[in-house]
Amino acid sequence: MEHLIELCELEAGRGANQIGTLQRPCDTRWSSHYASVCSLIKRYGPTFLVLKRIATTSGSGSSPSARAKAAGSVRLMMSFDFIFILHVMKELMGIIDMLCRKLQQKSQDIVNATDDVSTTKKLIQRLRDDGWSKLITDVMSFCQKHGITAPNMTEYYVDFIRSRAEDECTAEHHYRYDIFTVVVDQQAHELNCRFSEQAIELLILCNALDPRDSFSSLKIDDVCSLASKYYSDDFSEQEINNLRCQLQHYELDVPTNPRFQNLTSVSDLCHQLAKTGKSVDYNLIDRSCNIFTLLLVPFILTVITDYLSCRLIRLVLTLPVSTATTERAFLAMKLVKTRLRNKMEDGFLRDCLLIYIEKEIAVGFSTDEIIDEFNTETRRVPFD
């Protein structure tokens, strides 16, 4: 820390630099990988010194395997390839970090999320076209600062394992086209596969059912296009015509109804339609809304099963917009149902997962409320 402060790489002051360890990446927190890479670049010097000390210190406090792993890490960290790839990952992860954070939110703003996808794709293409000069400058500066030997980019690159006379190329060509361009293209291809034009159009059309801001995004043509283009098997031609008629009544009725104000999600809209009995009047619209929540809010299943008249709302509620919530649910299942609890019944497991996953809801429960709830049931020994 003192050395970094002397080099003006860390700001000194009260409360600053309290955390001096590398950030550990988390499998279900995608943005943590970017923070981990930035942390390693920022604390490269201290990390290298710690690993070097572990590799060279012998005694009862260290094992041969630990020293061997530390020595291998030291050799790897002193290589130009490691530094180059580390900076490539930093630039690439920095671009997709905002999109990762947006997709991990439980309540999805679909329009803004699709805008972030579009801007992320453009920034990745810009990095591919114009990002090489800045990247190689940063890498060379980092190597010079930490005493790492950098190759001459104008000389031929030598691969002692796969090198052949007809495959000779300069070091700059190897690092720019064989590594940098390939990695960037793979990331762009992954985004195009996961967020194709058809998927983006589907998400935008689903946003027409969002009740936020007093149903400001409601568009009859978009809802009809959603039903006819993507759910043609669920709606007949006559039902689509009836859907448009229902939407005209719905547009004048629901947005101005006091009982439908301050709704924040499509699942809330589905619940309120059923609660007020309007799911019978707008049964085709209610059916339209249901592809969002079966994966986004698993516990809503117990509520939704009581309202079997839903159609389009239900289809929208089952749309898996946020895979992060699903990943966390499976991770929680591994933590709750362990080897010692392998005989846990489904009902008890579901209740435990609900409390674990929806922590913000569980925080509002007081001990007295839980005792009162249990005390209402018939028991041989009442609570005191």
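**Helix packing and selected residues in a predicted model**

At 43% relative accessibility, C245 counts as partly exposed, where buried means under 20% relative accessible area, exposed over 50% and partly exposed in between, with a 1.4 Å probe and protein chains only. The sulfur of C245 lies 9.1 Å from the closest cysteine sulfur, that of C224, which is too far for a bond. A disulfide is taken here as a pair of cysteine sulfur atoms within 2.5 Å, and by this rule the count is 0 disulfides. Another cysteine, C352, is partly exposed as well, with a relative accessible area of 23%.

The model is predicted: local features need pLDDT of at least 70, side-chain atom pairs count only at pLDDT 80 or more, and totals for chains, interfaces and linings use all residues. Residues are numbered from 1 along each chain as its sequence is written, and side-chain values use heavy atoms, with hydrogens and water left out.

The secondary structure of the protein consists of 22 helices and 0 strands. Both kinds of element are DSSP runs numbered from the N terminus, helices being H or I of at least four residues and strands E of at least two. Of the 384 residues in the protein, 38% are buried. Contact means heavy atoms within 4.5 Å. Among contacts in the protein with a separation of 6 or more, 66% are between residues 24 or more positions apart.

Helix α5 gives two examples of packing. How does α5 pack against α7, in angle and in distance between axes? Helix α5 (residues 80–103) and helix α7 (residues 132–146) meet at an angle of about 135°, and their axes are 10 Å apart. Axes are lines fitted to C-alpha atoms, for helices over the stretch in contact, and angles run from 0 to 180 degrees between N-to-C directions. That angle makes α5 oblique to α7, given that angles under 35 degrees count as roughly parallel, over 145 as roughly antiparallel, 65 to 115 as roughly perpendicular and the rest as oblique. The crossing of α5 past α7 is right-handed; a crossing has this hand if the near helix is turned clockwise from the far one by less than a right angle, and is left-handed if anticlockwise. On the α5 side the contact is made by F80, I83, F84, H87, V88 and E91, and on the α7 side by W132, K134, L135, I136, D138, V139, M140, F142 and C143. By class, this contact of α5 with α7 has 11 nonpolar, 1 polar and 3 charged residues. Ala, Val, Leu, Ile, Met, Phe, Trp, Tyr, Cys and Pro count as nonpolar, Asp, Glu, Lys and Arg as charged, and the others, Gly among them, as polar.

The second example is α5 with helix α8 (residues 171–194), where the axes come within 11 Å and cross at roughly 25°. The two helices are therefore roughly parallel to each other. Their crossing is right-handed. Helix α5 contributes F80, D81, F84, V88, L92, I96 and L99 to the contact, and α8 contributes Y175, I179, F180, V183, V184, Q187 and L191. The residues of the contact of α5 with α8 divide into 12 nonpolar, 1 polar and 1 charged.

Helix α8 also holds H174, a buried residue with a relative accessible area of 13%. Leaving out residues up to four places away in sequence, H174 touches Y157, C169 and I179. H174 and Y156 are 18 residues apart in sequence and 9.1 Å apart in space, C-alpha to C-alpha.

L247 lies in helix α12 and is buried, at 0% relative accessibility. Apart from neighbours within four places in sequence, L247 is in contact with I220, V223, C224 and I285.

Beyond α12 (237–253), the loop between α12 and α13 contains N262. N262 is not a glycine, yet has a positive phi of about 65°; N262 is exposed, with a relative accessible area of 77%. F215, in helix α10 (residues 212–215), likewise is not a glycine and has a positive phi of about 60°. Is F215 buried or exposed? At 6% relative accessibility, F215 counts as buried.

Q272 is placed in helix α13 (residues 266–276). At 15% relative accessibility, Q272 is buried.
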